Amino acid sequence: KPVKKIQGRLIRELEKKFNKKHVILVAKRTMMDKNTVKNGLKFRPRNRTLTSVHESILEDVVAPSTIVGKRTRISVDGSKLLKVFLDPKDKDKENMES
């Protein structure tokens, strides 16, 4: 949580330092198995589930912007495509940083 407040400034400073290379900060997350009851734990916290960890990583990747909507598109062959819609208000911030 404390990094999210300064993440925008931190990314800009690191991009300046590394000669305009793109920088992404992703936190270390822990996933727990479904069988945590068998492993001796009473329950599995919600933030340790597979989907929750994937959601958190996606939020880290699009960090300065916010996610407005998501659509999952499933094709005939069974492959899934996740479309992520970002906040259009943040588009101005992205262009100013570039």
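**Reading a predicted chain, feature by feature**

Me: What percentage of the contacts in the protein chain with a separation of 6 or more is accounted for by residues 24 or more positions apart?

Reply: Residues 24 or more positions apart supply 29% of the contacts that have a separation of 6 or more in the protein chain; contact means heavy atoms within 4.5 Å. The structure is a predicted model, in which local features need pLDDT of at least 70 and side-chain atom pairs count only at pLDDT 80 or more, while totals for chains, interfaces and linings use all residues. Residues are numbered from 1 along each chain as its sequence is written, and side-chain values use heavy atoms, with hydrogens and water left out.

Me: What is the mean pLDDT of the protein chain, and which elements have the lowest and the highest mean?

Reply: The term pLDDT stands for the predictor's confidence in each residue, from 0 to 100. For the protein chain the mean is 80, and 89% of the residues reach 70 or more. Among the elements, helix α3 (residues 91–97) has the lowest mean pLDDT, 56, whereas β1 has the highest, 91.

Me: How many helices and strands does the protein chain have, and in what order do the elements run?

Reply: Helices (H or I, at least four residues) and strands (E, at least two) are DSSP runs, numbered from the N terminus. Here the protein chain has three helices and two strands, and from the N terminus on the order is α-α-β-β-α.

Me: In which sense do strand β1 and strand β2 pair, and what do they form?

Reply: Two strands pair if DSSP finds at least two bridges between them. Strand β1 (residues 67–74) and strand β2 (residues 80–86) are joined over seven bridges in the antiparallel sense. Gly69, for example, has Phe85 in β2 as its bridge partner. The two strands form a hairpin with five residues between them, and Gly78 in the turn has a positive phi of about 100°. As a general idea, the side chains of a regular strand alternate between the two faces of the sheet.

Me: What part of the protein chain counts as buried, and how much accessible surface does the chain have?

Reply: A residue is buried under 20% relative accessible area, exposed over 50%, and partly exposed in between (1.4 Å probe, protein chains only). Of the 98 residues of the protein chain, 16% count as buried. Accessible areas come from the Shrake-Rupley method with a 1.4 Å probe, and for residues only the protein chains shown count as cover. The accessible surface of the protein chain is about 8700 Å², and 55% of this belongs to carbon and sulfur atoms.

Me: How many salt bridges does the structure hold?

Reply: A salt bridge is a side-chain nitrogen of Lys or Arg within 4 Å of a carboxyl oxygen of Asp or Glu. The structure holds three. One of them joins the side chains of Lys16 and Glu13 at 3.7 Å, N to O. Because these two residues are three apart in helix α1 (residues 2–17), about one helical turn separates them. Lys16 is exposed, at 55% relative accessible area, whereas Glu13 is partly exposed, at 48%.

Me: Where do Asp60 and Arg29 lie, and where do Lys70 and Glu55 lie?

Reply: The side chains of Asp60 and Arg29 meet in a salt bridge of 2.7 Å, N to O. Asp60 is in helix α2 and Arg29 in the loop between α1 and α2, so the pair ties together parts 31 residues apart in sequence. Asp60 is buried, with a relative accessible area of 6%, while Arg29 is partly exposed at 35%. Lys70 forms a salt bridge with Glu55, their closest N and O atoms being 2.1 Å apart. This pair links distant parts of the chain, 15 residues apart: Lys70 is in strand β1 and Glu55 in helix α2. Both are partly exposed, Lys70 at 30% relative accessible area and Glu55 at 34%.

Me: Which residues make the nonpolar surface patch?

Reply: Patches are made of residues with over 30% relative accessible area and no salt bridge; like charges are joined within 9 Å, nonpolar side chains (Val, Leu, Ile, Met, Phe, Trp, Tyr) within 5 Å. Ile24, Val26, Ile57 and Val61 make a nonpolar patch of about 310 Å². Ile57 belongs to helix α2 (residues 50–61) and is partly exposed, at 31% relative accessible area.

Me: With which residues is Ser52 in contact, leaving aside its neighbours within four places in sequence?

Reply: With those neighbours left aside, Ser52 is in contact with Arg46 and Asn47. Ser52 is found in helix α2; its C-alpha is 8.7 Å from that of Met31, a residue 21 positions away in sequence.
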